[in-house]
Amino acid sequence: MAGLKLDGLRKSFGSNEILKGVDLALADGEMLVIVGASGCGKSTLLRIVAGLETPTTGRVLIDGRDVTDLDPSARDIAMVFQNYALYPHMSVFENMAYGLKIRGLPRAEIRAKVDAASALLGLEALLERKPRQLSGGQRQRVAMGRAIVRDPKLFLFDEPLSNLDAKLRVQMRGEIRRLQRRLKVTSLYVTHDQVEAMTLGDRLLVMHKGVPVQLATPTEVFERPADTYVAGFIGSPAMNLLPGKLGRNGTMVTVAGADIDLGSRRFDRPDGFPVVLGIRPEHVLLDAAGTTWPVEVVELLGSEMLVHAGRPGEAALTVKIANGTPVSDAIRASFPAPHLHIFDQATGLRMEA
Amino acid sequence: MERRTLFPGRLLPALLILPQLVLTVVFFLWPAVQAIRSSLEREDAFGTSTEFVGLDNFTDLFADPLYLAAIGRTVVFCACVTAVSMGVALVLAVLADTEIRGRTFYRTMLIWPYAVAPAMAAVLWVLMFHPQIGLVGAWLNRIGIAWDYKLDGTQAMALVILAAAWKQISYNFIFFLAGLQAIPKTIIEAARIDGARGLRRFRTIVLPLLMPTVYFLLVVDLVYAAFDTFATVYAVNGGGPGQSTQTLVLKVYLDGVVNANVGSSSAQSVVLMAGVIVLCALQFRFLGRKAVT
Ligand SMILES: Nc1ncnc2c1ncn2[C@@H]1O[C@H](COP(=O)(O)OP(=O)(O)O)[C@@H](O)[C@H]1O
Ligand SMILES: [Mg+2]
């Protein structure tokens, strides 16, 4: 087990800069999830850590040792790929044993390690099968097993659950979390799925176009998103982001003609300062004293429903309320001050009172 | 969904396949029937009369030490041509599969020999290895190696093997390269992370995944070497010196056309025909088999 440190990593493919300076430190045994939209450079970052790509500048340190120029084989890491990348011509046993055989471990020891890992993952009955005779979930497990038997310093996961159906994904997510807790191996987990990120990570790194925008615990990221990108990306349905202007000495925001009180907070900016007001759909209250929004669509989610409101071409508002709540042509909504997020409209960054 | 026929009736379809059918009948079926018939007959020395002799031509053939020697020679020739062309092509394909500068140019150049006519290829090799005027041949003699493929049967055999293998390298190269590129990159990367490097990775991961291509090319190359190298071998040395490069296809031609022994030549071509059928059946089996993934 070991820590991981990334030091000013940049990566360009030709003139295309994919990673624009990533610094990161993982504590021993920590599980850090990198989350971001497709194409933001997550896989590239992971592949640099694995040694499958070399960074344009910057360093990778595992356990304090600079491994930037080392071959993947010399880094003592294991990686689980999105498409599993099992060796199709080998049995499940051989797939798991391959890395150990390469290291020249004695036969009996390999057997013992593979048996232990397959017991952990419930693969005992499948050891003689070929990958093509396995279901998606089983292949996923074999890929995990192949990573575990090696007893590596670092686990790398590149969207390992994206090829599974929804139900299996939830199940495997729990399994990965339990395994990681139990084995206490430092892990870097990449996903575009924010639910996966929230449930799996000790900490999250939210990436946007090759730039790390927030590194914090899931709770922190959810409750205090660092900018409008994170605010809109984390949480489902997405946070309402309404452009407005500060007023009354920074204690009020005017949004779509309505004045919204910020409670005890006071922002030290001139009146009329352009801001973005953020509020999650579940925090909006239906309130006779609130402002009026025309209803566009009502979406049923099961125990809850989503009301999409707003005037065409103007600010849109989504409200999440209990199913069965009567909704007419318009709703009156109020925004409780403790749940408001204020962002600078020009930079998108979170503003603190 | 119902499939609608654009041109009803049988006349047009029949007309459209007629040219191909005519070609097949005139150039394949008819000569084949002729060959089978004349393989069962014997002409007298002057070609004035023929008589039916049953399987005599065949029994004579397999009792003839010269024919048995030609079979052995052809087996050696086929094995060597296949081994050399597949071996070289595999090495080139592995190199071309890596990320290198000018990769496209390099690949194009490697495919090029395939477009050279067999007789031309043979002439190129003769010019290179001619004992007096050939670049390589003259050089070999200068450094003290007695090189003359016109006198030394083994050297002649080596030369025709090289010339024939060279022609087939391009074909093999294309298939090997496609096979290598069909291997998912992540599998290779998983192996790298598992610690497998160099030859070991090639042997335990790449080669097993390339086996369908290897089997396929094995059959194709054997068919090529056995039946499709007439022009190359004939142009290098006409089967000589002596009979040292006389493979079965050459012998059919030399016995039948040059020595006018039609009965024996026909029997030989019937034997070859049987060989082609067996190898083609093999080839179809491998072509029809799905790649192992
Ligand atoms: N080998 C490469 N050559 C050129 N561009 C690449 C290469 N690998 C990735 N990219 C580009 O880098 C960007 C980020 O890719 P990636 O790291 O795979 O994103 P993510 O995993 O976050 O979806 C993409 O726009 C992709 O096209
Ligand atoms: Mg990716």
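Helix α1 (residues 42-50) of chain A gives the largest share of the shell around ligand 1, three residues; helices here are DSSP runs of H or I, at least four residues, and strands are E runs of at least two, numbered from the N terminus. The model is a predicted one, with local features needing pLDDT of at least 70 and side-chain atom pairs pLDDT 80 or more, while totals for chains, interfaces and linings use all residues. Residues are numbered from 1 along each chain, chains are lettered from A and ligands numbered from 1 in written order, and side-chain values use heavy atoms, leaving out hydrogens and water.

By class, that shell has four nonpolar, five polar and one charged residues, with Gly counted as polar. Residues around ligand 1 (a heavy atom within 4 Å) include A:F13, A:I18 and A:K42. Oxygen atoms of the ligand lie 2.6 Å from a polar backbone atom of A:G39 and 2.5 Å from a side-chain N or O atom of A:T44. Taken alone, ligand 1 exposes 560 Å², and the protein buries 58% of that (Shrake-Rupley, 1.4 Å probe).

As for the rings, there are 14 aromatic pairs over all chains, counted when ring centres lie within 6.5 Å; planes under 30 degrees apart are stacked, over 60 edge-to-face and the rest tilted. A:F155 and A:F157 pair edge-to-face, at 5.7 Å and 70 degrees. A:F157 also makes a tilted pair with A:Y189, at 5.3 Å and 35 degrees, which links strand β7 (residues 154-158) to strand β8 (residues 186-191), the two residues being 32 apart. A:F157 counts as buried because its relative accessibility is 3%, buried meaning under 20%.

Definitions and conventions:
A polar contact is a pair of N or O atoms within 3.5 Å; within protein, one must be able to donate a hydrogen and the other to accept it, and residues adjacent in sequence count only if both atoms are side-chain atoms. Rings of Phe, Tyr and Trp (its six-membered ring) pair if their centres lie within 6.5 Å; planes under 30 degrees apart count as stacked, over 60 as edge-to-face and the rest as tilted. Buried means under 20% relative accessible area, exposed over 50%, partly exposed in between (1.4 Å probe, protein chains only).
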